[in-house]
Amino acid sequence: MQVAATTWLLFVSSVLVLAAHVASAVSNEPFAIRISCGAREDIRTKPTNTLWYRDFGYTGGRYTNASRTSSIVPPLKTLRHFPLSDGPENCYNINRIPNGHYAVRIFFALVADADLQNEPVFDISVDGTLTYSMKPGWSNHEDQSFMEALIFVKKRSLCVCFHSTGHGDPSILSIEILQVDVNSYNYGRPRSNLMVLRTAKRLSCGSGKAAFDEDYNGDHWGGDRFWLGALSFSQGSDQSISTEQSIAEASLPPNFYPKKLYQSAIISTDRQPDLTFEIDVDPSKNYSIWFHFAEIDPRVTNEEERVFDILVNGDVIFEKVDIIRMTGEGHTALVLNRTVSVSGRTLTIILHPTKGYAIINAIEVLEIIPSELRTLAEEVSTLQTLKASLGLPLRLGWNGDPCVPQQHPWSGVDCQYDKKSVRWVIDGLGLDNQGLKGFLPSDISKLKHLESINLSGNSIQGSIPFSIGTIAGLQTLDLSYNQLNGSIPESLGRLKLLRILNLNGNLLSGRVPATLGGRPLHGASFKECRSL
């Protein structure tokens, strides 16, 4: 019955995703699926009548009522949270997603319970890549109430995991997966499709109101980005301007920026000719910075009337920027992009005018994160088989990828990087004294890179699989103090590298294979073997 129930859950979640896929294909719109975490039925939210699918068949955890932390958070009433007793890592597995480029956005929330309403701090990974580590105090900052990243889907599925860091139970309000142009945010570096671009900051300048692309009537292929509003960088030292005039060359592929983004700006003044903007960043990382300009100031109509340099952390990255010269006319969008390495914890952008005053309409700062190489698919599947057959306790988790992100490997699993397959592989199992009660499946031999197996001190029943003797690199096998029965497989004698063998404390019978009896094994014990 458990297998049937699991199959039904997977079927329902696949149907929901398929419905989203069909809808996008029929309308020529980008694929989009939005999940209201913890919801028992599909719902629509105002003012845009956005459809949110129910949360069924994607993950485990618990659902409860949510407490919103900000006005920008979707008006949803439920969330899903993951107590540590359910394991240190829990994942949403979303299948049947068309391969392509996607914006993935996850909103966080607080449990609406006076006794539980602490602010959790946890890590988020997407397809095995650690994408975001939450910061304490996030619930008091609008642009920290969510994580947003651009990723490539290559195998028609997406795995989003939440990793406990010991600071409260991960609590998730919603997950959005929104297709964008395959060439969007191409920052000109090779192998960019192997990178994750996480939003560190998006700023709409001259506007004091936070907004999404949807609020700006943006094209859906833009991914419904969130823009934090900024009226000023330095109160009293600069000023904001705006226009109702249409903007040319905006809302074009591949990034599809909304025209309204360019209808407001911040400009410098005599009091402070430089425009300076600072954000806190993680050190020793690369950042892709996108600068947005449109000459909307009616006082500037010709070339050479406004010229400025752009500096990042003291280095000039663009020199003599003249918007009119570069676009040919006013009210025309201009986008400049540059990738920079940041060694410290602050990224400082300065627009320094050499003629007139500086101007900026919007800024995007995206952290470039190399995608982690995944674990060999066959070994992940085998571990899931092992999890089921051994009755692995819920507290151990074993969700997502066993080896990545490297900061959060599975408990009881040792990994090593295999250059031949260009993947991570499993070279050790250490699940001693974990309350295991099932049986050892013959599929364990598919973990071909194992060097050590320690399953001692459990209640594992059944026989020792003959197939264990085919794991050529096995050096340590400790199955002591279980409830194993039957005979010792002759195949164990083929393990030429085996140095430690402990089968003590079981219900084994029969003779010790001759191929083992004369081997120089350290710690070997066959005390419970009985002659037939």
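Which residue forms a salt bridge with K355? The partner is E304, with the closest N and O atoms 2.5 Å apart. A salt bridge here is a side-chain nitrogen of Lys or Arg within 4 Å of a carboxyl oxygen of Asp or Glu. The K355–E304 pair links distant parts of the chain, 51 residues apart. K355 sits in strand β24 (residues 346–355), and E304 in the loop between β20 and β21. Helices (H or I, at least four residues) and strands (E, at least two) are DSSP runs, numbered from the N terminus.

The model is predicted: local features need pLDDT of at least 70, side-chain atom pairs count only at pLDDT 80 or more, and totals for chains, interfaces and linings use all residues. Residues are numbered from 1 along each chain as its sequence is written, and side-chain values use heavy atoms, with hydrogens and water left out.

Burial follows relative accessible area: buried means under 20%, exposed over 50%, and partly exposed in between (1.4 Å probe, protein chains only). K355 is partly exposed, at 37%. E304 is also partly exposed, at 42%.

The structure holds 20 salt bridges. One of them joins the side chains of R306 and E295 at 2.7 Å, N to O. Both residues lie in the loop between β20 (285–293) and β21 (307–312), 11 residues apart. R306 counts as buried because its relative accessibility is 3%. E295 counts as buried at 2%. D297 forms a salt bridge with R299, the closest N and O atoms being 2.9 Å apart. D297 is buried, with a relative accessible area of 5%, whereas R299 is exposed, at 56%.

Aromatic contacts were searched next. Rings of Phe, Tyr and Trp (its six-membered ring) pair if their centres lie within 6.5 Å; planes under 30 degrees apart count as stacked, over 60 as edge-to-face and the rest as tilted. The whole structure contains 18 aromatic pairs. In the F122–F162 pair the ring centres are 6.3 Å apart and the planes stand at 80°, so the pair is edge-to-face. F122 lies in strand β9 (residues 121–126) and F162 in strand β12 (residues 157–167), so the pair ties together parts that are 40 residues apart in sequence. Both F122 and F162 are buried. W227 and Y257 are also edge-to-face, because their ring centres are 6.4 Å apart and their planes are at 65°. W227 belongs to strand β16 (residues 226–230), and Y257 to the loop between β17 (238–242) and β18 (264–268), so this pair ties together parts 30 residues apart in sequence. W227 and Y257 are both buried. Ring pairs also link Y58, F82, Y92, F108, F122, W138 and F162 into a cluster.

In soluble globular proteins, nonpolar side chains tend to be buried together. A nonpolar core is a set of buried Ala, Val, Leu, Ile, Met, Phe, Trp, Tyr and Cys residues joined through side-chain atoms within 4.5 Å. The largest such core has 70 residues. Of these, F291, F293, I310, L347 and I360 touch the most other members. Another core lies apart from it, with 37 residues, among them W410, L474, L479 and L495.
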